[in-house]
Each structure stands twice: as structure tokens, then as C-alpha cells.
Amino acid sequence: MKSAVVIGSGFGGLALAIRLQAAGIQTTIIEARDKPGGRAYYWERDGFIFDGGPTVITDPPCLTQLWALTGHDMAQDVELIPVMPFYRLNWSDGTNFDYSNDEAKLRSEIAKLNPADVEGYAKFLEYSAGVHDEGYVKLGTKAFLDFASMIKAAPALAKYQAWRSVYSMVSSFVKNEKLREALSFHTLLVGGNPMKTSAIYALIHKLEKDGGVWFAKGGTNRLVAAMVRQFERIGGTLRLGDPVERIETQGERTTGIVTESGYRVECDAVATNGDIMHSYRDLLGHHPRGKKAAASLSRKKFSPSLFVVHFGIKGSWPGIPHHMILFGPRYKGLLDDIYSHGVLPKDFSLYLHHPTVSDPSMAPEGCSTFYSLAPVAHQGKLPIDWEEMGPVFEKRILDEVGRRLIPDIHERIVTKFHYTPADFGTDLNAHLGSAFSLEPVLTQSAWFRVHNRDDVLSNLYFVGAGTHPGAGIPGVVGSAKATAELMIEDLKR
């Protein structure tokens, strides 16, 4: 039996490991932390359950496939609950916009902002459907291993004006500024600046419209636990709490891994779901390929980081939906500060996650679980001492949530803590504390991202946010499908 090691148990690593094990390849996952999940880590504090993220689940079929490979049913291991509205968008002037795939309600919401934009939205939806078909259905699970594959995809990219930004394309269809923000903010969920990210990412709108937005009962951590259950029931091995220290090589092939504890695994192939810079610079720093690839990556643009405040409070809040976006007074200016200027601005836009409105069991009786997330520049642009600044920024965020939604928030707090760019670097080995790996601009997409199979080390593979197609659950699960096809074919050969 052929064997493989997968480094890291994020969504991409778990999805890849399930596919390999289902294909008869004896697969071991090595995870540095005490729990699986990667960025989908979770904490239990004072009776509250806090998901680290991601918390927006789209395209459930990309997940159910992982069980169907072996004749199992995902629903036996985890329950997905539909979220409606998908998001409530709120602006500082008090305007609300409920975003969903209920066509009549959505058109009504658009008409409230600008009746003339209803027709423009219909044209945007047509555009989104086209890029979804080309960019996600046809290319989302295919590896780009050579430039010829990019040339082949070029006509479709040109047809949909991929060189334009999502915001620019949306603006060509609708005129109301709030609606432009409502239809372009999605790229922030995968680390992209709406003003610069390729218009191909408008496919997210179609993805959500067709598949809905879902929540795993008990939290995203329950979906991770379900994937682990599926992996182990078909014979896979998961080793927790033992960071990989080195990918071993012989010539231009990998031969296995060694962990910090001295645990050693020899295998026929190694795949890494770890941070791409960490994988090349640290785990392969002894090999010329690792040094060269790390030097190349150091010149690329990385996505911003995040500052997240987790808080459990007294009271239930049925009027606050599961997902909210609290837009600040600026849009483009704030994005420039985060992506270009590297400053910590006075204002911010927030994503507010309120899982107990869907599942009260995630908090003690009579209480609610929340987290509020603010995009911030990564540490390469913004070298802040978060030990000092963290409590200050936390209070500013809680003050804003209080001002707009929960006036006595500070008196209601039972427990709270924050997670900073420095934590992304420490806990996840994330380069510069980036929360989404490489920034998803056109010149860092498809073939221009880290390849699903390394160009030099012939049995080294990558999965997750840093490789094609990119971040987000559908993205990293899609990368797992692309990488698995390569690995299975190579190992059979």
C-alpha cells in the first residue's frame, strides 16, 4: 500500500487526507496544535463555545462528496442549518440591507436603496453566473501546473474582463454606493481587496445564491470533528500536538517527515496544508528548493490579517442575525489603509458572528456567544505591539458594537478575549500574520499561486489557501480535490 503524510489538519488538509485514504493510500495527518481544524480552531470558556473561524459555509456539495467517496452520509456526522438572511449589512447612518437568495425579498431590499438598480442587479447576476461557471465549476478543482494551462483559460478570463476589480465590475451594473459595497464585500472573506481583486471573484455571489449559506450545529468545530470521524473510520491516522520540524528529502524527492518530538514517518508522498512560507523556509530550509521558493514568496503580496474579539454576554438577542457586516463611514479609504498604507485607522468595518441565534447550546442558558472581526494590515505593513495595543483595539470594537447594537455591552460581558495578527503568526506559523495567505489578485491566481505539486520536488504537494484556487472553505476543499487527483495518479504510476 502506498503511503502519504499530510501536514496540518485545516479544511484543506482534512479534505485531501479523506480523498487519499478513500483511494487506498495509507494517510497520516500530523497536526501541531492540540485540536484539529487549523484556522477552524475553537475554544470553550465559561460555558461558551467560540469558533475561531471560518464561520460561513457555502457549497455544501463540495463537502458531502468527501463522505460519498466511501458510501457514507455527512448528515450522520454533522447537521448543517440554513442561515437566513445570509448577512444583514448595516451602515453607520442606520441603513440595513438583508442579503439572501430569496429573490423577491432581495429585489425589495435593492429597491429600497435605489429602484433603478433592480435591473442592473439582474445583469450583475447574469455576469456572476458566467464567471461562476468558468472560474469555479470548470477551473476551481483543476491544478495549474504550467503556463500553458493559463493560456488555455485566458479566453474565458478575457471574456469576463478578469483584469477589472470586483468593485469596478459591480459599479458598472449598479449605481447606489451602498449596493456596490453590498455586492463587492465578499472578497474580504477570502482576503481580497474588493478594489483590486479580480472580477472573477464575483462568482461568490452565484455560489451563495445557488447553494445558500449554512452553519454547522454546534459550530464550525463540529464540521471539523465530522471530517476527522470520516477520515478515521476509513483507516486514516491523526497525530495531534506534535509540530513537523522537517520534511526529509533525498535528491529531488521527499522521503518523509520528522516532528519536534522526534517522531518520524517515511512515506511515498508529502502534502502540506501548512503556511506556504513556513513549509518552504522552515520545513525545507535545508534543501536548495526550500530556500529558492521562500525567497520568491518573500517578494509576493500577502493578504491582511484579522483582529478578532470573542465575547460571551448575558441575554439573548433574537434581533441580531447570525451574520452581520457593520460598515464604517469609509469603504475605499479604509481598504487603502489596510492593504496599502499599513496603518491602524480610527474607523473600521466589522463582521459580527452571532451563532447562538441559530444554536443556543453554544452559550450557557440565558447568554449569547459572539465574535467581532476587523480586517487589519499584516505585520509586514503594520508592525504593532499587539500585547500593548490589543486591549485598546478590543475596547474600541466593543464600543462600536455597543453603540450600534447592544448599548450596555460592557456590563453584560461574562467572558472575552481577543486574537491578533501576532497570534496568527505564533499559532499557525502564518507568514506576516496573514490570515488568508497570498493576496488573491490576478497576478497571484491560478498558475501564479504556489502549485498544487512542487516543480522540483516531484512528490511534494500543497493544499489550502496558498495554492489554487485560494482561501475560503470551497476554495481549500477545491484545492484538495485538485491535489488529490495529482497525488493519486502519481502514486499509482
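You're looking at a predicted model, where local features need pLDDT of at least 70, side-chain atom pairs count only at pLDDT 80 or more, and totals for chains, interfaces and linings use all residues. Residues are numbered from 1 along each chain as its sequence is written, and side-chain values use heavy atoms, with hydrogens and water left out.

Now show that pocket (on a 1 Å grid over the protein atoms alone, an open set of points where a 1.4 Å probe fits, with protein on both sides within 12 Å along at least five of seven lines; lining residues have an atom within 4 Å of a point). Of its 14 lining residues, pick out Arg289, Ser296, Lys300, Arg449 and Val450, the closest to the centre. Colour the lining by class and you get six nonpolar, two polar and six charged residues.

Next, jump to strands β3 (42–45) and β4 (48–51), which pair antiparallel over four bridges (pairing takes at least two DSSP bridges). Trp43 has Phe50 in β4 as its bridge partner. The two strands make a hairpin with two residues between them, and Asp46 in the turn has a positive phi of about 55°. On β4, Phe48 and Phe50 point one way, Ile49 and Asp51 the other, and all are buried (under 20% relative accessible area, 1.4 Å probe, protein chains only).

Last stop: Cys267, buried at 11% relative accessible area, and Cys367, buried at 16%.

Key. Ala, Val, Leu, Ile, Met, Phe, Trp, Tyr, Cys and Pro count as nonpolar, Asp, Glu, Lys and Arg as charged, and the others, Gly among them, as polar. Buried means under 20% relative accessible area, exposed over 50%, partly exposed in between (1.4 Å probe, protein chains only).
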